[in-house]
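My plan is to start with the whole chain and then look up a few spots one by one.

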Amino acid sequence: MATVDDVRRLALSLPRTQEHLIRDRVKFRIGSIVYLALSRDESELGFAFPKEERAALVAAEPAKFFLPRESDLRFNWVESRLGALDPDELTELVTEAWRMVVPAKVARAHLDPPAVAPLPPAPSLDELRSAAAVFNGFAGVDRSWHALREETGRALDLSLAAHRTALHRWLNSWGCRIRYPREGEPDTFGAGLAAWGERHALAHTPLARLTPREISRFAAAYEELAALPIGRRSLGPTAASKALYALWPGSVMPWDAAIAQRLHGVRDGAAFARHLELGRAWARAALEEGGGLREADLCAGIGRPEVSLAKILDEYLYITITHAAAADARKAADTAQRGTTPPAP
């Protein structure tokens with residue numbers, strides 16, 4: 001027999017889903033569109049379903065399904081008796097209801113993910129040192145991070161407006177382009193961030209010691225944050241991962257578009273979970289090669305004493321993937337330009 005816990009587990013495993021309590025009823029929605037709704041006593045479940053097919057569904061199994069009230073007949077909606085559904089049947093109904101309200105590309109990415117290429121082996125400490133040396137050569141590379149840590153007392157608290165503003169400014173310093181509200185406008189990003197923070201109080205576990213449950217919780221937090229509305233668009237995958245790093249700098253190895261595409265092919269919650277699993281394996285390998293050094297001492301020996309091992313691993317990926325790809329693109333552009341430039345007289 002299907003239960004409310006089954007409904008919640010299934011719904012929250014689907015990308016972009018948010019749970020809300022609306023007029024004493026638990027509802028699950030994508031943006032503003034509800035696709036699942038429990039009755040007040042939680043004995044009945046309404047779900048998105050094609051109008052043209054529901055009469056046949058109800059006629060075939062009237063003990064399980066029934067039409068919505070007359071005022072809701074105009075919607076693509078059917079009601080069911082939750083206790084009459086078995087778990088497999090519930091899985092199919094919830095998944096198909098979700099599919100009706102998300103973009104087709106989101107459904108395809110989740111239900112038919114591309115084959116995942118084998119992940120690269122862990123970098124050696126020498127490779128991490130080499131990448132750190134390149135990263136340290138960038139002008140002002142840690143300036144904005146030190147400013148954020150100083151403004152927030154080294155502990156971001158999203159319940160504080162000043163901390164949310166500091167995070168907003170730091171994300172934009174890394175190219176996230178999140179619009180600042182004009183005078184008199186509501187701070188959509190700040191309000192959404194505060195509400196998100198109330199739902200995701202996660203532990204500051206070092207990356208190497210993350211448990212599967214903690215990785216799953218970080219992936220769910222990431223997916224919800226990436227879908228956070230900020231004006232006419234959502235926050236997005238890169239900004240969401242960087243915000244998670246800012247909040248849990250010892251736990252989260254962030255990514256950018258180039259890194260995510262090269263390693264995982266997609267940037268959904270499942271891919272972010274794999275990314276953290278990769279980071280955990282790499283962090284453990286680095287600590288093992290370090291012969292039992294404390295993480296702080298290992299990071300200092302690599303040449304990055306004021307950041308976490310999670311960040312050092314992200315910097316290694318940036319240097320070897322994102323920065324390398326940009327350098328290759330510049331080289332190709334220069335070659336093409338020289339090939340089309342007429343020789344000097």
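I checked the confidence next. The mean pLDDT of the protein is 91, and 95% of the residues reach 70 or more. Residues 341-345 are another story: the pLDDT there is below 50, and beyond near neighbours in sequence the stretch has zero contacts in the model. Where pLDDT is low, the predicted coordinates should not be read in detail. I'm leaving that stretch alone.

**Entry: the whole protein**
I counted 14 helices and eight strands. The C-alpha atoms fill a box of roughly 80 × 60 × 50 Å along the principal axes. Of the 345 residues, 44% count as buried. The accessible surface comes to about 18,200 Å², and carbon and sulfur atoms hold 54% of that. I looked at charges too: there are 44 positive and 44 negative ones, and their mean positions sit 5 Å apart.

**Entry: the cores**
Which residues touch the most other members of the largest nonpolar core? They are Leu167, Trp196, Leu225, Leu235 and Leu244, out of 68 residues in that core. I picked Leu225 and listed its partners, skipping residues up to four places away in sequence: Leu193, Trp196, Leu235, Ala240, Ala243 and Leu244. Apart from this core there is another one, of 33 residues, including Tyr35, Ala48, Val58 and Leu93.

**Entry: helix α10**
Ala240, Ala243 and Leu244 from that partner list turned up again among the buried residues of α10. This helix covers residues 237-247, and nine of its 11 residues are buried. Lys242 and Ser241 are on the buried list as well.

**Entry: Pro87**
Pro87 lies in helix α3, which runs over residues 87-101.

Ser124 is in the loop between α4 (104-111) and α5 (125-136). Its relative accessible area is 24%, so I filed Ser124 as partly exposed. Ser124 and Gly269 are 145 residues apart along the chain, with 28 Å between their C-alpha atoms.

Glu42 sits in the loop between β3 (33-38) and β4 (44-48). Glu42 isn't a glycine, yet its phi is positive, at about 65°. I put Glu42 down as partly exposed because its relative accessibility is 33%.

Arg177 also has a positive phi, near 55°, in a residue other than glycine. I found Arg177 in the loop between α7 (161-173) and α8 (188-199). Arg177 has a relative accessible area of 69%, so this residue goes down as exposed.

Note on methods: Residues numbered from 1 in each chain as written. Predicted model: local features only at pLDDT ≥ 70, side-chain atom pairs only at ≥ 80, totals over all residues. Heavy atoms only, no water. Core = buried A, V, L, I, M, F, W, Y, C linked by side-chain atoms within 4.5 Å. Buried < 20%, exposed > 50% of the residue type's maximum accessible area, 1.4 Å probe, protein only. Contact = heavy atoms within 4.5 Å. Helix = DSSP H or I, 4+ residues; strand = E, 2+ residues; numbered from the N terminus. Areas by Shrake-Rupley, 256 points an atom, 1.4 Å probe, with all protein chains shown as cover. Lys, Arg positive; Asp, Glu negative; His and termini not counted. Charge placed at Lys NZ, Arg CZ, Asp CG, Glu CD. pLDDT = per-residue confidence, 0-100.
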